[in-house]
Amino acid sequence: MHAVAQILIGLVAALHAYFLVLEMFLWQRPPGRALHGFDADTARLTAPLAANQGLYNGFLAAGLVWGLVIDSLATQVFFLVCVIVAGAFGAATANRRILVAQAVPGALALGAALLAA
């Protein structure tokens, strides 16, 4: 079960690294614009906000990778809870799809990590 938990945590970290790239570097390009259906002007106007979100997603990815490298359940749990809270908040305030894209993978990884402990 430990290996399954580590793989799931790694996948959540990779997902957040992808969010970082999408929000910080691809926001005004077709992949970023397609995410929310923005036209070029809206993407340009919201790019600073997206970059800020991307940076936070990068911190989540870094924390999860750090938790894997040092094999610390407490660190993994902390960052997975952060992922879940951010996903729930995003779903409540921005788009319900965030719950499935962020909070659910985080919750699955958290459940696996706690079961493996």
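Is Asp 71 buried, exposed or partly exposed? Asp 71 counts as partly exposed, at 48% relative accessibility (buried means under 20% relative accessible area, exposed over 50%, partly exposed in between, with a 1.4 Å probe and protein chains only).

## Ground rules

This is a predicted model, where local features need pLDDT of at least 70 and side-chain atom pairs count only at pLDDT 80 or more, while totals for chains, interfaces and linings use all residues. Residues are numbered from 1 along each chain as its sequence is written, and side-chain values use heavy atoms, with hydrogens and water left out.

## Back to Asp 71

Asp 71 sits in the loop between H3 and helix H4 (73-93). Helices here are DSSP runs (H or I, at least four residues), numbered from the N terminus. What makes this residue worth a look is its backbone: phi is positive, about 50°, although Asp 71 is not a glycine. Most residues other than glycine have a negative phi.

## Aromatic pairs

Searching the whole structure turns up three aromatic pairs (ring centres of Phe, Tyr and Trp, taking the six-membered ring of Trp, within 6.5 Å; planes under 30 degrees apart are stacked, over 60 edge-to-face, the rest tilted). One of them joins Trp 27 and Phe 38: the ring centres are 5.8 Å apart and the planes sit at 70°, so this pair is edge-to-face. It links distant parts of the chain, eleven residues apart, with Trp 27 in the loop between helix H1 (2-25) and helix H2 (30-36) and Phe 38 in the loop between H2 and helix H3 (40-69). Trp 27 is buried, at 7% relative accessible area, whereas Phe 38 is partly exposed at 24%.

Phe 78 and Phe 79 make another edge-to-face pair, with 5.0 Å from centre to centre and 90° between the planes. Phe 79 is buried, its relative accessible area being 15%.

How many salt bridges does the structure hold? There is one (a side-chain nitrogen of Lys or Arg within 4 Å of a carboxyl oxygen of Asp or Glu). The partners are the side chains of Asp 41 and Arg 44, at 3.6 Å from N to O. About one helical turn separates Asp 41 from Arg 44, because they are three residues apart in helix H3. Both ends are partly exposed: Asp 41 has a relative accessible area of 48%, and Arg 44 comes in at 46%.

## A nonpolar patch

Val 21, Met 24, Phe 25, Leu 55, Tyr 56 and Phe 59 form a nonpolar patch on the surface, with about 600 Å² of accessible area together. Patch residues have over 30% relative accessible area and no salt bridge; nonpolar side chains (Val, Leu, Ile, Met, Phe, Trp, Tyr) are joined within 5 Å, like charges within 9 Å. The areas come from the Shrake-Rupley method with a 1.4 Å probe, and for residues only the protein chains shown count as cover. H1 and H3 each supply at least two of the patch residues, with Phe 59 being found in H3.

## H5 and its kink

Helix H5 (residues 97-116) has 20 residues and reaches 28 Å from its first C-alpha to its last, close to the 28 Å expected at 1.5 Å a residue (1.5 Å times one less than the number of residues). Even so, H5 has a kink of about 35° at Ala 103, shortly before the proline Pro 105. That bend is the angle between axes fitted to the seven residues ending there and the seven starting there. Ala 103 is also among the buried residues of H5, which include Gln 102, Gly 106 and Leu 110.
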